[in-house]
Amino acid sequence: MAISPKPETDELARVLRTATHAAISFRQALPEGAQRPEANYAAMRRAFDRPLPEVSATDHQALIEDLAARAAPGLHATTGPRFFGWVIGASHPVGVAADWLTSAWGQNAGNHEAAPAAAAAETTAARWLLELLDLPSTCSVGFVTGATVANLVCLAAARSAVLRAAGWDVEADGLEGAPSVRVLIGDDAHTTVFLALQVLGFGHRRVTRIATDAAGRMQADLVAAALAKDSGPSIVVAQAGQINTGAFDPFASLSAAVACHPRAWLHVDGAFGLWARASHEKAHLAQGIDLADSWATDGHKWLQTPYDSGYAIVRDTEVHRRAMTAAASYLPAEAEGERDPSRYVPELSRRARGFATWAMIRALGRQGIAEMVERHCALAQRFAAALATEPGIRILNEVELNQIIVRFGTDEELEQGDTMTKEVVARLQQEGVLFAGGAQWRGRTVLRLSVISWPTTEKDVDLSAQSIIEVWREVKRRDDKQPRTDSPK
Ligand SMILES: *Cc1c(COP(=O)(O)O)cnc(C)c1O
């Protein structure tokens with residue numbers, strides 16, 4: 001054939017190199033710059049909004065340069081060293097590079113024939129995950145977008161198992177007319193679990209919310225009592241790593257209570273907390289968690305894989321597959337020793353997520369992951385200790401993991417404390433030395449700090465603590481100067 005691939009190859013190389021350069025300059029600028037976007041959503045709307053393009057672009061390199069330039073002011077420093085907002089990993093470069101290849105390769109990771117490399121990488125990554133998290137090697141793992149969908153997959157498996165034990169085939173016959181399933185869930189569970197329950201037909205209002213202690217831990221005796229009262233199909237949804245306090249539900253007691261029940265399933269939402277299992281030092285927090293029936297966790301939080309990456313882990317592989325496999329599948333069945341990624345997730349065509357996970361686990365290794373988890377927990381302790389020295393700043397949780405919640409002002413005047421805390425959050429975000437957000441905890445506004453980014457060092461934590469203290473002093477000074485008109489007493 002006389003067709004030369006040259007011009008196209010050049011175009012391909014140009015366009016990919018342009019993206020690489022843009023990515024590198026973005027990442028390199030992060031540690032120095034303000035740890036927040038310069039432009040808000042409204043400004044970004046203006047930047048991106050334009051009429052539908054009618055004709056093909058001729059210069060793809062310019063197009064990618066233009067995309068990078070438009071997006072730049074509206075990008076958050078989530079991958080930077082002083083990002084403590086929400087609970088967000090930092091997209092490690094090795095994971096990003098593997099993810100770029102994933103896109104470039106364009107594999108459809110539905111089954112092992114369409115994507116042998118993708119399916120094989122996933123098979124090994126799944127085994128590594130189970131070893132790292134110290135879960136039974138016979139569990140199955142579905143590679144999904146995040147813990148939200150991981151919870152959905154695990155709870156679909158739970159629904160299938162508890163109903164089957166009651167003589168009902170939910171995959172074939174649906175929920176209408178099915179025996180009633182009781183769902184017991186901690187009062188401080190993550191909102192996305194309620195979404196999963198809602199999608200699965202359990203209703204977020206219909207579930208039984210179990211009271212929690214001061215740290216947000218589900219009270220195991222209440223769960224045991226509820227289970228003892230009713231032997232019908234039951235699902236207990238527990239949590240490893242509460243989003244504000246980092247607390248773990250009492251798994252040893254919960255597993256014991258569930259084991260006494262003939263038709264109960266224990267599911268764990270461990271989006272970030274499950275990674276405590278990867279560290280000898282922290283594993284005790286999750287003691288007994290391996291006795292559960294299913295676990296949801298994220299790669300894009302503590303493992304630092306780029307978005308999106310989550311894992312749905314189920315003890316009973318057959319139940320997992322039954323809940324996720326289309327009965328009328330036209331796809332060939334797997335032979336002995338083969339594994340189709342699509343059998344464990346509610347998707348067929350999808351990104352080959354196993355590559356990034358495989359690469360990240362290789363990059364950090366078992367020791368590196370353990371050290372990172374321990375380092376983040378130690379940094380969180382250091383952060384909390386530094387803040388607690390300042391009058392008027394209080395740490396509201398016991399910092400056993402990587403999460404810190406901080407309150408400013410006195411508690412005698414609840415509203416004043418809320419106002420001051422909001423003011424501190426707003427000023428911190430304005431200054432941009434670090435990024436953190438506000439949250440609500442036990443009816444109070446708090447500043448939430450999550451230490452979970454691989455580039456964060458002691459220096460970053462010290463600098464950030466100093467910045468928070470200075471902002472607080474400034475807020476207090478201004479408040480002292482203001483005449484009090486709103487005397488509540
Ligand atoms: C982040 C988080 C989720 C949701 O996970 P996504 O990855 O955002 O889908 C669920 N539960 C907990 C405890 C979380 O921290």
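Mentor: Start with a term: buried means under 20% relative accessible area, exposed means over 50%, and partly exposed is in between, with a 1.4 Å probe and protein chains only. This is a predicted model, where local features need pLDDT of at least 70, side-chain atom pairs count only at pLDDT 80 or more, and totals for chains, interfaces and linings use all residues. Residues are numbered from 1 along each chain as its sequence is written, and side-chain values use heavy atoms, with hydrogens and water left out.

Trainee: OK. Is tryptophan 105 buried, exposed or partly exposed?

Mentor: Tryptophan 105 has 44% relative accessibility, so it counts as partly exposed.

Trainee: Which residue does tryptophan 105 form an aromatic pair with?

Mentor: Its partner is phenylalanine 355, with 4.9 Å centre to centre and 70 degrees between the planes, an edge-to-face pair. Rings of Phe, Tyr and Trp (its six-membered ring) pair if their centres lie within 6.5 Å; planes under 30 degrees apart are stacked, over 60 edge-to-face, and the rest tilted. Phenylalanine 355 counts as buried because its relative accessibility is 12%.

Trainee: Where do tryptophan 105 and phenylalanine 355 lie?

Mentor: Tryptophan 105 is in helix 4 (residues 93–105) and phenylalanine 355 in helix 12 (residues 354–388), so the pair ties together parts 250 residues apart in sequence. Helices (H or I, at least four residues) and strands (E, at least two) are DSSP runs, numbered from the N terminus.

Trainee: How many aromatic pairs does the structure hold?

Mentor: Eight. There is also an aromatic cluster made of Phe83, Trp86 and Phe435.

Trainee: New topic: helix 9 and helix 10. At what angle do their axes cross?

Mentor: Roughly 5 degrees, and the axes of helix 9 (residues 220–229) and helix 10 (residues 251–259) come within 9 Å. Axes are lines fitted to C-alpha atoms, for helices over the stretch in contact, and angles run from 0 to 180 degrees between N-to-C directions. Helix 9 and helix 10 are therefore roughly parallel. Angles under 35 degrees count as roughly parallel, over 145 as roughly antiparallel, 65 to 115 as roughly perpendicular, and the rest as oblique.

Trainee: Which residues make the contact?

Mentor: Helix 9 supplies Ala220, Val223, Ala224 and Leu227, and helix 10 supplies Ser253, Leu254, Ala257 and Val258. Contact means heavy atoms within 4.5 Å.

Trainee: What about proline 81: where is it found?

Mentor: Proline 81 sits in the loop between helix 3 (60–71) and helix 4. With 7% relative accessibility, proline 81 counts as buried. Leaving aside neighbours within four places in sequence, proline 81 is in contact with Pro31, Gln35, Pro455, Thr456 and Asp460.

Trainee: What about aspartate 134?

Mentor: Aspartate 134 has a positive phi of about 55 degrees, though it is not a glycine. Aspartate 134 lies in the loop between helix 5 (116–132) and strand 1 (140–144).
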